[in-house]
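Here is a short report on salt bridges and strand pairing. The sequence and structure come first.

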Amino acid sequence: MVSHTVELLKNEIPLEQESVVLAEDTVNGLVLVDIINGFCTVGAGNLAPRESNKQISEMISESARLAREFCEKKLPVMAFLDSHQPNKPEEPYPPHCIAGTDESNLVPALRWLENETNVTIRRKDCFDGYVGSMEQDGSNVFVDWVKKNKIKTVVVVGVCTDICVLDFVCSTMSAKNRGFLKPLENVVVYSNACATFNVPLDVATSNKGALAHPQEFMHHVGLYMAKERGAKIAKEVLFATVKKV
């Protein structure tokens, strides 16, 4: 039933994806959203998968591969890590990714990023990494990162496609359109390096307060809405040298 519904959805709101080629003669940045144990490692917390999940596993693999490529080229990388204080709930979700616990740390496949000089790690206590980058003095760590590195294109990967990834993309697109993120020109969401979680209807109805969240359905919706906001949706991300005329 779910797969039939997903096919109907894709027929009603088809999502055209493109191959994105990143030029070598400009600065490209990579943003990893919440690829942490509390969302991705089986049994790691209240919002972690209960069993191995193909979409999440592929997201981790592709994100790690792309991150390695960015680091080899010494390009700027920013990683957002969901980190909450125990006395500050994030409704409608149960306590998760508590600061100081392994839930809020990068998954094992990405822990090496902590030792890379081109990587900026930002712990955030809200869905939206753009908002979570705001400091008390009014500055914004993400905005400063874009401007300092003169980033023209940002590639976004991570979880969850329809929640934290989408919220960050929406805010970034709005800020870019207002001229707050110069010289940023493009925001790219790499679909194969994004994932969301799965809560079937029968599970949701048997758990008070839970919301149904069919994985493939919501993944598609998240990507579609990101494209509606002006982001490019990539089926692959490649590097290529642009020949100067």
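Asp34, Asp82 and Lys124 are linked in a network of salt bridges. A salt bridge here is a side-chain nitrogen of Lys or Arg within 4 Å of a carboxyl oxygen of Asp or Glu. By that rule, the count comes to 10.

The model is predicted: local features need pLDDT of at least 70, side-chain atom pairs count only at pLDDT 80 or more, and totals for chains, interfaces and linings use all residues. Residues are numbered from 1 along each chain as its sequence is written, and side-chain values use heavy atoms, with hydrogens and water left out.

**Salt bridges**

| Pair | Closest N and O atoms |
|---|---|
| Glu58 and Lys54 | 2.7 Å |
| Lys124 and Asp82 | 3.2 Å |
| Arg229 and Glu228 | 3.9 Å |

Take Lys124 and Asp82, which form a salt bridge. This pair links distant parts of the chain, 42 residues apart: Lys124 lies in strand β4 (residues 119–124) and Asp82 in strand β3 (residues 77–82). Helices (H or I, at least four residues) and strands (E, at least two) are DSSP runs, numbered from the N terminus. Are Lys124 and Asp82 buried or exposed? Both are buried. Buried means under 20% relative accessible area, exposed means over 50%, and partly exposed lies in between (1.4 Å probe, protein chains only).

Glu58 and Lys54 sit 4 residues apart in helix α3 (residues 54–72), so about one helical turn separates them. Glu58 is partly exposed, at 39% relative accessible area. Lys54 is exposed, at 61%.

Arg229 bridges to Glu228. Arg229 is partly exposed, with a relative accessible area of 37%. Glu228 reaches 53% and counts as exposed.

**Strand β6 and its partners**

Strand β6 (residues 186–195) is mostly covered, with 8 of its 10 residues buried. Which strands pair with β6? Two strands pair if DSSP finds at least two bridges between them. Strand β5 (residues 153–159) runs parallel to β6, joined by 6 bridges. Within that pairing, Val156 has Val189 of β6 as its bridge partner. Strand β7 (residues 232–240) also runs parallel to β6, through 3 bridges. There, Tyr190 stands opposite Ala234 in β7.
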